[in-house]
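Dear colleague,

I am passing a structure on to you, which you will find just below.

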Amino acid sequence: MGKFKEIFTNKRIIILIIFLVLSIILIGPSLSEGVAIRSVEKNSSASQALPHAMASPDPNLKPMNREVIQSINGIPVKTVEEYYTQINTLTENQTITIKTNKQNYFLTTKTGNLTEAQDIGINVYPRPTNNIKKGLDLEGGTRVLLQPQEEASQEDLELTVANIKQRLNVFGLSDITVRITNDLFGTNYISVEIPGVNEQEVKQLLAQQGKFEAKIGNETVFKGGNKDILYVCRTAECSGITPGSCGITNVGEYSCGFRFSISLSQEAAQKQASVTKDLAVVPSGFGQSYLSENLTLHLDDEQVDELRIGADLKGNPVTDISISGSGVGVNQKEATSASLQSMKQLQTILVTGSLPVKLEIVKTDTISPALGEGFIQNAILVGLLSILIVIIIVSVRYQEWKISIPMSITMLSEVIIILGFASLIGWRMDMVAIAAIIIAIGSGVDDQIVIADETLGKTKKDVENYSWKQKLARAFFIVMASYLTLVVAMIPLWFAGAGLLKGFALTTIAGVTIGVFVTRPAYATILEILVENKN
Amino acid sequence: MKRNERRRRHEQKVQEVQVEHSEPRQTHSSESRSIYYRDYKKLLIIPMLMLIIALVLIGVKLATTGEFINKGISLKGGTSITALGDNLDSKLIETQLKSEYSSIEINVRTLENSGQNVGIFIESDILPEDNLTSNAFIESVQKITGIPRDNLSIETIGQTLGDAFFKQTLVAILIAFIFMGGVVYLYFRTIVPSAAVILAAFSNIVVTIAVLNIFEIKVGTAGIAALLMLIGYSVDTDIVLSTRVLKRKEGTVYQRVLGAMKTGFTMNITTLGAVIIALFIAESAVLQEIMLIILIGLLVDMVNTWIQNAGIIRWYMEKKGDM
């Protein structure tokens, strides 16, 4: 047992073991079941829960620290399907108890039609079983890359990022990543990643500059954003489909109108009063009188709606105004949902104001969660089988367990440490990162072969000529050369392509660096203790 | 006492292991019979021809199409759609889509897992800037495959971004190449052997691109990442070779080359094994693209390392008077 003691008391091996233990703690694998909360919608039953509102998780929170729903009304919830089965049995105005791993919440379902009551406003996904964040191509979701259409300062870009985040939050999405990326030529992009969401509407919300203006004639009376608009109503009492507004248009489509009220600042109300006081009053057929000019609503310089102004508002600094619009569809149901969707977008833009720069969508990816799920299993299989085939090849080549078993242990250690590193920095593992892991491990095997051959694969005479230290130095001369060439080849990739290949570059560099400084020295040490004659 | 005995027994065993792993000490007669030993200068023609043919092929392609590589949509803009389902017929779907969109390049291929059909991957030139066609196309795919939009994975990339990506990846390859050359030169500090390594890496990329063109394989950003990887990866064996020949003193130059080859082949075979397995079972188009390029590149590299680089370095050592 002397050798084992020697192995486990060696400094390099202890370092490797510490790295491994830390990595496993960081990855934090667990087998527990349940559904994690992805987001909580504003103004939903969940956001009005007692004792306090259920909230969307902080996107920077580690996956294992997400709030997990364990049971609803005492019935355990293990899968997303079970969650929805239970939600579908809810009735209106019902009080329910949701038990999470943090605390118990009491919710009251909404009144109204049944589907609305059942939607308590919580978006869930299967509980993560470890802290490795999955990339969009593995988890499913939407990624949009936006490019400013004009020269934009760093401040403007940062403001835009903050604004987009706010927009998405107001829209009801919180688990999002918005960041500025750039490329080799210094072009800036804004990358938006929304896991688990496959919504077309989100794209529009992102690309719209959202310059909202209300005009009377050519005069702008108020703009979007919190300077002119103090409050935008988004609850059912003062926003929704206008009763009786749905109908068939002359081209055979269905159309439904929406309306919601907003409160203007005193300043904006005064502005409106000063513009309307000079307008003429025009009587209309139904005994009502309107002003000669209409209030027109413009979004990004395009007129989206036109409202008549009641005669009683002439010169009157009113602060409460109703905004309206419409949506169309092939049937009433679609028209209703299209209308509600545009309402939500318009509300969002009115709350958040316009973006400082005009953006263009240059790339979008929407990946279905089903595809991602299959990819993960497949990628794990690819990884395991690649490692297995390498183990078989080195076992056949060396015919010596003292060389091939440490080699296999080293390979597996490298995988664990790379994944631990990814969990530590919160890096999202995507398909290219998995390819990079396979390749980093491949280069690791190459190095171990070099170490084995340089230290053991010589004739008896050569062994006598050099000390173990010298042989190791010779081996690491080659290992370092191959390390440096691989790293310098990856550096330009880090900066190219709007950050989309950064994951590949980062994972490869991290993988080979860990390999060269932690696992391969440990491998050499194990080899030395097991095989080398230390006289 | 016991311990000493065990150690001695172990020493014997170690020596056996080492003998087993020793370089093949061939006799002079068998060495001189080997073409690899005798005609290494003539053998240099093979990699040289390979490089020249590749350059000519790429030149012809550049002259006729204006492109030297078959760009995937991520490098030129377009739309790609992945649909999962085991009963989707890629040929049939391609014909149906082509009849609807005759003026657009559409390419449908089957996604396979261990020989089983798991879905299809559709690539088209439709640019997202053309919003109407783009949406109509996605709807057509939905109709033909019968898969709802939420279950389709859709990737669109604008033309300007595609072009920008392409230009950048060329710059990235160039920079990576210069960096790699710099590291190699700093390492060996001699012109000829460093140049031989750099030539091998250059030849790897050029020949790999030519092979990709012959098989009409499209290269996207992931493929470019793989080409960059190849720069760093394929020089590993060249470094083993150069180090053994230049920095070691034991045995003849030829014996050192053979020793390096034994190590290098083990490295190549393990990598090839892993890459072939990954290529065969990977479902993801990205993973397949990366693995395919590395596979081709490594095969090309075996010729470039063990015939070209080994030939040049032996020639160089011969000139220096070291046999």
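The word "domain" is used here for a stretch whose bounds come from an automatic or database domain assignment. Please keep in mind throughout that this is a predicted model.

On that basis, chain A is divided into domain 1 (2-28 + 368-531), domain 2 (35-129), domain 3 (141-208) and domain 4 (212-354). The centres of domain 1 of chain A and domain 3 of chain A, taken over C-alpha atoms, are 36 Å apart. In chain B the assignment gives domain 1 (78-157) and domain 2 (161-320), and the centres of these two domains of chain B, again taken over C-alpha atoms, are separated by 36 Å. Where they touch, domain 1 of chain B contributes 6 residues and domain 2 of chain B contributes 5 residues. On the domain 1 side of that contact, β2 (106-113) and β3 (116-124) of chain B each provide at least two residues, and the residues of this side are 4 nonpolar, 2 polar and no charged.

As for chain B in general, its secondary structure consists of 13 helices and 4 strands, and 48% of its 323 residues are buried. Of the contacts in chain B between residues at least 6 apart in sequence, 74% connect residues that are at least 24 apart.

The two chains meet in a contact that involves 68 residues of chain B and 68 residues of chain A. Seen from chain B, the elements that supply two or more residues to this side are α1 (2-20), β1 (78-84), β4 (153-157), α9 (159-188), α11 (221-247), α12 (253-281) and α13 (285-320). Helix α9(B) gives the most, with 15 residues, and by class the chain B side has 39 nonpolar, 22 polar and 7 charged residues. Strand pairing also links the chains, in that β22 (residues 359-367) of chain A pairs with β4(B) in the antiparallel sense over 4 bridges. Within this pairing, T366(A) has I154(B) in β4(B) as its bridge partner.

Strand β8 (residues 141-148) of chain A pairs with β10(A) in the antiparallel sense over 6 bridges, and R143(A) stands opposite E193(A) of β10(A). Strand β9 (residues 177-182) of chain A likewise pairs with β10(A) in the antiparallel sense over 6 bridges, with I180(A) opposite I190(A) of β10(A). Between β9(A) and β10(A), which form a hairpin, there are 5 residues, and G186(A) in the turn has a positive phi of about 80°.

Chain A also holds a helix pair that deserves a look. Helix α11 (residues 401-425) of chain A packs against helix α12 (residues 431-456) of chain A at an angle of about 150°, and their axes lie 10 Å apart. The crossing of α11(A) past α12(A) is right-handed. From α11(A), the residues I403(A), M407(A), T410(A), M411(A), E414(A), V415(A) and I418(A) take part, and they meet I437(A), A440(A), I441(A), G444(A), V445(A), Q448(A) and A452(A) of α12(A). Sorted by class, the residues of this contact are 10 nonpolar, 3 polar and 1 charged.

N73(A) has a positive phi of about 50° although it is not a glycine, and its place is in the loop between β2 (68-72) and β3 (75-76) of chain A. N73(A) counts as partly exposed because 13 other C-beta atoms lie within 10 Å. In chain B, R189(B) is also a residue other than glycine with a positive phi, near 55°, and it is found in the loop between α9 and α10 (191-214) of chain B. R189(B) counts as exposed because it has 9 C-beta neighbours inside 10 Å, where the cut-off for exposed is 12 or fewer. N131(B), which lies in helix α8 (residues 131-145) of chain B, is exposed because it too has 9 C-beta neighbours inside 10 Å. From C-alpha to C-alpha, N131(B) and T64(B) are 31 Å apart in space, and they are 67 residues apart in sequence.

With kind regards

Notes:
Residues numbered from 1 in each chain as written. Chains lettered and ligands numbered in written order. Predicted model: local features only at pLDDT ≥ 70, side-chain atom pairs only at ≥ 80, totals over all residues. Contact = placed C-beta atoms within 7 Å. Nonpolar A, V, L, I, M, F, W, Y, C, P; charged D, E, K, R; others polar. Pairing = 2+ DSSP bridges. Axes fitted to C-alpha atoms, helices over the stretch in contact; angles between N-to-C directions. Left-handed = near helix turned anticlockwise from the far one by under 90°. Buried ≥ 20, exposed ≤ 12 C-beta atoms within 10 Å, placed from the backbone.
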